[in-house]
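Dear colleague,

Please find below the structure that I am handing over to you. My notes on it follow directly after.

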Amino acid sequence: MAQRLINLQTRDYEHPFDREALSKVKAIPLLPQAINFLMNWATIKWNIVSLCGNSYHITDNACPELYKVAREVFTNLDLDTFPDIYSQQDYYINAYTTGHQKDAYMVLSSGAVDRLNDTELQFVIGHEAGHIKSGHVLYHVLCAYLSQVLANIPGSSALLQPALWYWNRMSEFTADRAGLLACQDLKAALSAIMKMSGVPQRFYNSASVDGFMLQAREFEEKYGGSTDKLIKLLEVFDEDHPWTVVRAAELIRWVDSGEYERILTKTAGKVCPSCNNSVEEGTKQCPFCGHNFK
Ligand SMILES: [Zn+2]
Ligand SMILES: [Zn+2]
């Protein structure tokens, strides 16, 4: 069972490209005013009203099993906020988060819930929770909003959008690391990404995660030349997510670096024998069930 990562800090696992690029995005003039406007009146409000009116609200009463799966993710990542979670009719494996930082709304496609097992789903929910924990949500909304506005101004997208989209893609690497820290199962994380990459559903039981890992490692080796790099750059420069195989390769590289294990060790506490939650070393009384440690 995945453990709660006590005092997990985003700086422990944030991708350096994400942190660097976000500081540049935050330095764009008038951004705070634009965000304030967005928060209150534009996209977010619009999204929230339509979500509440046209999606399934996952609560402890309405869908207790799924609620529990999601709840565990937030406990594991040591997050004390918990967003409203909705499921939306959509065959794709997809999820996104919108809203204010402290008042976020998470949306899971019904395809994600149907086609992923609980651990894979925890990777996807953990990915979204990672966006919340790192403060990405507002900037993602801003990216989506700006891309709509700028699409009507000739030439503007070439100037402003690449910087935003670049950060947006880099933030996905951070979120994937959070997803892995939430589910604590590399094979499940890669299997979720593999399913997003397009493995047909009728081969879900036999598709090999090891084969997909090999594809990810080989992609990095085979297509690392300058022409390949240019193709990759041109292909993704206005996309909000990196390619699935690149995401898998980046996650494998991070685990290979030993950072993932280091974080698990650093944040491990002791397990309460009565409720199975992880609590800080030296705790006298379990904060979850009241169990007294001798
Ligand atoms: Zn994401
Ligand atoms: Zn306990």
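This is a predicted model: local features need pLDDT of at least 70, side-chain atom pairs count only at pLDDT 80 or more; totals for chains, interfaces and linings use all residues.

Which residues of β4 lie on one side and which on the other, and are they buried or exposed? A104, M106 and L108 are on one side of β4, Y105, V107 and S109 are on the other, and all are buried. Here, buried means under 20% relative accessible area and exposed over 50%, with partly exposed in between, for a 1.4 Å probe and protein chains only. Since 6 of the 6 residues of β4 are buried, this strand is largely enclosed by the rest of the structure.

Residues are numbered from 1 along each chain as its sequence is written, chains are lettered from A and ligands numbered from 1 in the order in which they are written, and side-chain values use heavy atoms, with hydrogens and water left out.

Overall composition

The protein has 13 helices and 6 strands; helices (H or I, at least four residues) and strands (E, at least two) are DSSP runs, numbered from the N terminus. Of its 294 residues, 47% count as buried. The accessible surface comes to about 15400 Å², and carbon and sulfur atoms hold 53% of that area, as computed by the Shrake-Rupley method with a 1.4 Å probe, where only the protein chains shown count as cover for residues. Among contacts (heavy atoms within 4.5 Å) with a separation of 6 or more, 66% are between residues 24 or more positions apart.

The sheet

An open sheet of 4 strands has the order β1-β2-β4-β3, with mixed pairing; two strands pair if DSSP finds at least two bridges between them. Its edge strands, each pairing on one side only, are β1 (56-58) and β3 (95-99). From one strand to the next, the twist averages 30 degrees; axes are lines fitted to C-alpha atoms, for helices over the stretch in contact, and angles run from 0 to 180 degrees between N-to-C directions.

β1 runs antiparallel to β2 (residues 84-88), joined by 3 bridges, and Y56 stands opposite S87 in β2. β2 pairs with β4 in the parallel sense over 5 bridges, where D84 has Y105 as its bridge partner in β4. β3 and β4 are antiparallel, again over 5 bridges, and the partner of G99 in β4 is A104. Helix α6 lies across β3 and β4 (104-109), at about 155 degrees to β4.

The zinc site

H127 (NE2), H131 (NE2) and E172 (OE) coordinate the zinc ion (ligand 1) at 2.0 to 2.1 Å. Donors are N, O and S atoms within 2.8 Å of the metal (3.2 Å for Na, K and Ca), and water is not among the atoms, so sites may look incomplete. Along the chain, the donors follow the spacing H-x3-H-x40-E. H127 in helix α6 (residues 118-133) and E172 in helix α8 (residues 156-183) link distant parts of the chain, 45 residues apart. H127 is buried at 4% relative accessibility, and E172 is buried at 1%.

Two further helices

S191, in helix α9 (residues 186-197), is buried with a relative accessible area of 8%. Beyond its neighbours within four places in sequence, S191 is in contact with E120 and V209. In helix α13 (residues 259-267), the buried residues are Y260, I263, L264 and T267. The face of α13 turned away from its buried side carries the exposed residues T265 and K266.

With kind regards
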